[in-house]
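The sequence and structure are shown below.

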Amino acid sequence: MQDVIIRRAGTSDAEALARIGRETFTETFGHLYPAHDLATFLDEAYGPDATRQTLRHPHKAAWLVMQADGEVVGHALAGPCDLPHPEVTPEAGEVKRLYLRARAQGGGLGARLFETVIAWLEETGRQDIWLGVWSLNHGAQRFYRRYGFSPVGEYGFPVGAVVDREFIFRRSAQIF
């Protein structure tokens with residue numbers, strides 16, 4: 001994946017961000033859910049209105065990963081942490097989404113995107129950085145551990161009527 005650009009998304013990118021969000025979530029996890037539950041979740045999480053609202057939020061940032069030909073192959077989202085853990089503080093940041101199309105994975109692009117998101121969170125003064133990861137996504141968990149994250153809890157993540165078991169990972173500010 002040479003000639004790939006990672007850039008901050010703006011409000012004019014709402015449609016592209018919503019589309020890649022729906023596509024990468026479905027590609028990664030769609031097989032786990034009944035069609036109705038998946039459709040409900042995608043409409044709520046990646047609908048046009050929700051995406052525009054996210055892009056207008058003053059304390060959140062989204063990124064698009066684009067090939068030189070303009071095709072969007074990934075995205076990320078970060079902002080204040082709202083994970084259900086008693087040690088989350090108002091100063092905590094969260095990597096909320098980090099997705100690449102399957103064909104864009106494995107060449108270091110995920111690391112570039114993740115490092116971009118972490119740098120933004122640190123620049124905005126976020127202390128501890130948190131994220132949620134599906135309990136059966138062992139590859140992602142190994143990836144996050146390489147960056148100093150460790151599991152500190154779990155919660156239920158609803159996708160329609162299905163509730164997934166998610167692990168909560170945290171990296172304390174003192175680590176890096």
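Does Tyr 99 count as buried or exposed? At 14% relative accessibility, Tyr 99 counts as buried, where buried means under 20% relative accessible area, exposed over 50% and partly exposed in between, with a 1.4 Å probe and protein chains only.

## Basis of the report

The model is predicted: local features need pLDDT of at least 70, side-chain atom pairs count only at pLDDT 80 or more, and totals for chains, interfaces and linings use all residues. Residues are numbered from 1 along each chain as its sequence is written, and side-chain values use heavy atoms, with hydrogens and water left out.

## Aromatic pairs

Rings of Phe, Tyr and Trp (its six-membered ring) pair if their centres lie within 6.5 Å; planes under 30 degrees apart count as stacked, over 60 as edge-to-face and the rest as tilted. For Phe 29 and Tyr 99, the ring centres are 6.3 Å apart and the planes stand at 85 degrees, so the pair is edge-to-face. This pair links distant parts of the chain, with Phe 29 in helix H1 (residues 14–29) and Tyr 99 in strand S4 (residues 93–100), 70 residues apart. Helices (H or I, at least four residues) and strands (E, at least two) are DSSP runs, numbered from the N terminus.

Phe 29 is buried, its relative accessible area being 10%. Both Phe 29 and Tyr 99 belong to a cluster linked by ring pairs, together with Phe 25, Tyr 33, Phe 41, Tyr 46, Trp 134 and Phe 157.

## Salt bridges

The structure has 11 salt bridges, each defined as a side-chain nitrogen of Lys or Arg within 4 Å of a carboxyl oxygen of Asp or Glu. One of them joins the side chains of Arg 101 and Glu 23 at 2.2 Å, N to O. Arg 101 lies in the loop between S4 and H4 and Glu 23 in helix H1, so the pair ties together parts that are 78 residues apart in sequence. Arg 101 is buried, with a relative accessible area of 17%, whereas Glu 23 counts as partly exposed at 32% relative accessibility.

Asp 82 and Lys 96 also form a salt bridge through their side chains (3.2 Å, N to O). Asp 82 lies in the loop between strand S3 (72–80) and S4, and Lys 96 in strand S4, so this pair ties together parts that are 14 residues apart in sequence. Asp 82 counts as exposed, at 58% relative accessibility. A further salt bridge brings together the side chains of Glu 122 and Arg 171 (2.5 Å, N to O). It links distant parts of the chain, with Glu 122 in helix H4 and Arg 171 in strand S7 (residues 162–171), 49 residues apart. Glu 122 is partly exposed, with a relative accessible area of 40%, while Arg 171 is buried at 5%. Salt bridges that share partners join Glu 23, Glu 71, Arg 101 and Arg 103 into one network.

## Helix H4

Helix H4 (residues 109–123) has 15 residues. Its expected span, 1.5 Å times one less than its number of residues, is 21 Å, which agrees with the 21 Å between its end C-alpha atoms.

The buried residues of H4 are Leu 109, Ala 111, Leu 113, Phe 114, Val 117, Ile 118, Trp 120 and Leu 121. Just after H4, Gly 125 adopts a positive phi of about 85 degrees.

## Packing of H1 and H3

The axes of H1 and helix H3 (residues 48–56) come within 9 Å and cross at roughly 115 degrees; axes are lines fitted to C-alpha atoms, for helices over the stretch in contact, and angles run from 0 to 180 degrees between N-to-C directions. The crossing is right-handed; a crossing is left-handed if the near helix is turned anticlockwise from the far one by less than a right angle, and right-handed if clockwise. Ala 14, Leu 17 and Ala 18 of H1 make the contact with Thr 51, Arg 52 and Leu 55 of H3, contact meaning heavy atoms within 4.5 Å.

Thr 54, in helix H3, is buried with a relative accessible area of 17%. Not counting residues up to four places away in sequence, Thr 54 touches Lys 60 and Leu 77.

His 59 lies in the loop between H3 and strand S2 (61–67) and counts as partly exposed, at 46% relative accessibility. Leaving aside neighbours within four places in sequence, His 59 is in contact with Ala 78, Gly 79, Pro 80, Trp 120 and Arg 126. His 59 and Gly 93 are 34 residues apart in sequence and 9.8 Å apart in space, C-alpha to C-alpha.
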